[in-house]
Amino acid sequence: MKLLINGEWVNSSNESELEKYNPSMGRLFGKFPAATKEDVKAAIDAADESFEMWYSKGSVERSKVIYKTKELIEKSRSELERLLQEENGKTTIEARQETDGVLDQLQYYAEFARKITGDLVEGDSPSRKIFQHKIPYGVVVALTPWNFPAAMVARKLAPALMAGNSVVLKPSSDTPFTAEWIVKKFAEAGVPKGVLNFVTGKGSEIGDFIVEHKKVGLVTMTGSTSTGQRIMSHSSSNMAKLILELGGKAPFMVWKDADLKNALSAFIWAKLWNAGQSCIAAERLYIHSEIYDKFIGMITRSFSKIMVGDPRTSDMGPLINKGALETTEKFVEDAKENGYKLLTGGERPTLSGEFGNGYFYMPTLFAGVDQKSEIFQEEVFGPVIGAMSIDDEDEMFRYANDSKYGLASYLFTKDPNLIFKSLEGIRFGEVYVNMPGPESSQGYHTGFRLTGQAGEGSRYGIEEYLKLKNVYVDYSGKDLKIETVREELLE
Ligand code: NAP
């Protein structure tokens, strides 16, 4: 693998490399370059130099490159799906769905070619107007996570480029190969030299340098809250605009009148999609006491039937790396020590052959969990969840809102009053009522509290990549009368 700097595919300037492991097999998948600060600087310079040229092409021309990228990805989508399985451990269905998501993002943002608008505002006198138009930020730095390694790249590159920005992409060190594959398609589709640059390397080593560089106008990052906070403090030196999509801790609420089969179906998806490694994953279960035992029993039976192993043929794949597996195990140990009742799971599966060293964990359910517990307060990011019985709807909403994160939430009920109450009462960026996620391209994916700021998707999402500029014009042709400028000063 190589870096893409100013249109050239190159090695790291000091030739150093990092290793990536296949999570299903726990063995080396490949090596990738560890970019140096000089490489990063060259990438940012290239983006800065090519920006005006790209912007001046106009949005219709830019959209052609995005449509072409989509066409190229569609043609060779099976390669991407295989990569998603090998590098990330996605199941066959998940890999297909993520590829569909990539194509959808590209299509959706390319359609903005003729939809970027501004305002013409009346000035303070009849012959004065204010043109409010939207212009790109210039150099955008895109930092992506590993859990949706293709979709997150597409969701950042497509709007950033459509809006007329140039980009430096640094993907997660857990999924650099998927990101490289997508960047190659953009390059093949005709993104001009320097407009899209690709650097890999540890965020902890080159991240600060990238985000605080004075030529960077916008940083868009999806990842953990702690990294987001660090980026926020480091970008204060250049006042870069920030789009931060961070952690989640979604409550999954099942009221006494809910359609339990639908609730179960959505819950299995919300908890086990991507082995629980999703920012909108169900992370806390609040179940009405009248149906608590029944619903808990339904989940326990379903979880025990989930096939965990070879992602090509199983229901659920592995965690991303050994560290993630150990973190999940620690949550389970803490829950056991706190005396919560383990109903199913709580261990690694016994797999033989080439998957024996993979980072797999069984779907795990604890009952009788306490609101203040670690498992209800911290992001688990694995196939483990606790449940609490609840009687009062206000208390349910209060508990749901009692989280430092505020991305997704789920509510199952047939009660229209409760549904309307949830519109105000549930303080999350996304509320899914009687349905599963994930978010749609035309929805605005955003979170409250420590989930970050700004958002992605919809027209609001592309507008995040555009700065509002104001041009004041007087076309009266008359002499200016300025009260503080006496006439004789002009003689
Ligand atoms: P992460 O460790 O925070 O990494 C995210 C990206 O930031 C990676 O490319 C990482 O590079 C880079 N990075 C690390 N340190 C940096 C620094 N000091 N400066 C600049 N960049 C730096 O997150 P992750 O583990 O990949 O992703 C999981 C998290 O993402 C979870 O918390 C999940 O909830 C969140 N997430 C949120 C959303 C959402 O829409 N809200 C969507 C998906 C995931 P390295 O890999 O090289 O460290």
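**Note on a helix pair and an open sheet**

1. Helix α4 (residues 92–110) and helix α5 (residues 151–162) pack at an angle of about 10°, and their axes lie 9 Å apart. Because angles under 35 degrees count as roughly parallel, α4 is described as roughly parallel to α5. The model is a predicted one, and the values in the points below should be read with that in mind.

2. The contact between these two helices is formed on the α4 side by Glu98, Val102, Gln105, Leu106, Tyr109 and Ala110, which meet Ala151, Ala154, Arg155, Ala158, Pro159 and Met162 of α5. Sorted by class, the contact of α4 with α5 comprises nine nonpolar residues, one polar residue and two charged residues.

3. Turning to the sheet, seven strands form an open arrangement in the order β14-β15-β16-β13-β12-β18-β19, with mixed pairing. Its edge strands, each pairing on one side only, are β14 (341–344) and β19 (430–433), and the twist from one strand to the next averages 25°.

4. Helix α9 (residues 260–272) touches β12 (250–254), β13 (282–288), β16 (384–390) and β18, and its direction makes about 165° with that of β12. Helix α10 (residues 289–305) touches β12, β13, β14, β15 (364–367) and β16, while its direction makes about 140° with that of β13.

Terms used
Residues are numbered from 1 along each chain as its sequence is written. This is a predicted model: local features need pLDDT of at least 70, side-chain atom pairs count only at pLDDT 80 or more; totals for chains, interfaces and linings use all residues. Side-chain values use heavy atoms; hydrogens and water are left out. Two strands pair if DSSP finds at least two bridges between them. Helices (H or I, at least four residues) and strands (E, at least two) are DSSP runs, numbered from the N terminus. Axes are lines fitted to C-alpha atoms, for helices over the stretch in contact, and angles run from 0 to 180 degrees between N-to-C directions. Contact means heavy atoms within 4.5 Å. Angles under 35 degrees count as roughly parallel, over 145 as roughly antiparallel, 65 to 115 as roughly perpendicular and the rest as oblique. Ala, Val, Leu, Ile, Met, Phe, Trp, Tyr, Cys and Pro count as nonpolar, Asp, Glu, Lys and Arg as charged, and the others, Gly among them, as polar.
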